[in-house]
Amino acid sequence: MSMLLRKATRQDLPKLAELMSQLSGHLTTPTDMENRLRFIDESPFDLLFVCEEDGAVLGLMSFRIRENLEEVSRFGEVSAVVVDPGARRKGVGRFMMEYAEQLAREQGCIGTWLVSGFGREEEAHKFYKEMGYEVTGYRFVKRF
């Protein structure tokens with residue numbers, strides 16, 4: 001495979017919407033993704049990448065830098081990662097995660113982290129553990 005990661009563009013909106021719908025389990029439209037790209041463009045900490053091979057988008061990975069006030073450090077956060085079902089088990093997820101770790105190192109981060117949702121947790125958690133990630137807690141959310 002000759003995969004590459006590049007920053008997502010407006011031309012990717014239909015595929016980005018499809019991938020985010022797969023990740024969230026809810027319909028994400030190209031307009032939704034255009035709004036998210038605008039948000040990312042205005043953020044000094046957020047990036048959105050697509051993984052492609054021979055012009056076909058295989059997955060997406062969003063990355064941000066998180067400031068850690070408890071110990072005055074930084075972590076790289078993989079805020080979303082999804083591989084198209086037809087490209088799974090071909091090294092795409094590993095390729096994107098390794099890229100995120102490289103970005104984090106380049107930004108002086110002390111590590112990377114992510115939050116894994118529900119849906120495909122058995123397969124996803126096994127993958128993250130194989131990549132060297134460990135469970136360190138829970139996320140609590142209160143919506144308004």
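**Group meeting talk: an open sheet and its strands**

The structure holds 0 disulfides, a disulfide being taken here as a pair of cysteine sulfur atoms within 2.5 Å. As for the cysteines themselves, Cys 51 counts as buried at 0% relative accessibility, and Cys 109 is buried too, with a relative accessible area of 12%; buried means under 20% relative accessible area, exposed means over 50%, and partly exposed lies in between, using a 1.4 Å probe and protein chains only.

Please keep in mind that this is a predicted model, in which local features need a pLDDT of at least 70 and side-chain atom pairs count only at pLDDT 80 or more, while totals for chains, interfaces and linings use all residues. Residues are numbered from 1 along each chain as its sequence is written, and side-chain values use heavy atoms, with hydrogens and water left out.

On confidence, pLDDT is the predictor's confidence in each residue, from 0 to 100, and the chain averages 91, with 96% of the residues scoring at least 70. Confidence is highest in β2, at a mean of 97, and lowest in helix α4, residues 121–130, at a mean of 80.

Now to the sheet, where helices (H or I, at least four residues) and strands (E, at least two) are DSSP runs numbered from the N terminus, and two strands pair if DSSP finds at least two bridges between them. The sheet is open and mixed in its pairing, and its 5 strands run in the order β1-β2-β3-β4-β5. At the edges stand β1 (4–7) and β5 (112–114), and each has a single partner strand, so one side of each is left without a neighbour in the sheet. Direction ignored, neighbouring strands are turned by 35 degrees against each other on average, with axes being lines fitted to C-alpha atoms, for helices over the stretch in contact, and angles running from 0 to 180 degrees between N-to-C directions.

β1 and β2 pair in the antiparallel sense over 4 bridges, and Leu 4 stands opposite Glu 52 in β2. On β3, Glu 52 has Val 57 as its bridge partner, while Asp 46 is bridged to Arg 64; these strands, β2 (residues 46–53) and β3 (residues 56–68), are antiparallel over 8 bridges. Their hairpin has 2 residues between the strands, and Asp 54 in the turn has a positive phi of about 50 degrees.

β3 also pairs with β4 (residues 73–83), again antiparallel, over 10 bridges, and here Glu 67 stands opposite Arg 74. In this hairpin, with 4 residues between the strands, it is Val 72 that takes a positive phi near 50 degrees.

How many residues of β2 are buried? The count is 7 of the 8, so β2 is largely enclosed by the rest of the structure.

Leaving aside residues up to four places away in sequence, Ala 8 touches Leu 16, Leu 37, Leu 48, Phe 49 and Val 50, where contact means heavy atoms within 4.5 Å. Ala 8 and Phe 49 are 41 residues apart in sequence, yet 4.9 Å apart in space, C-alpha to C-alpha.
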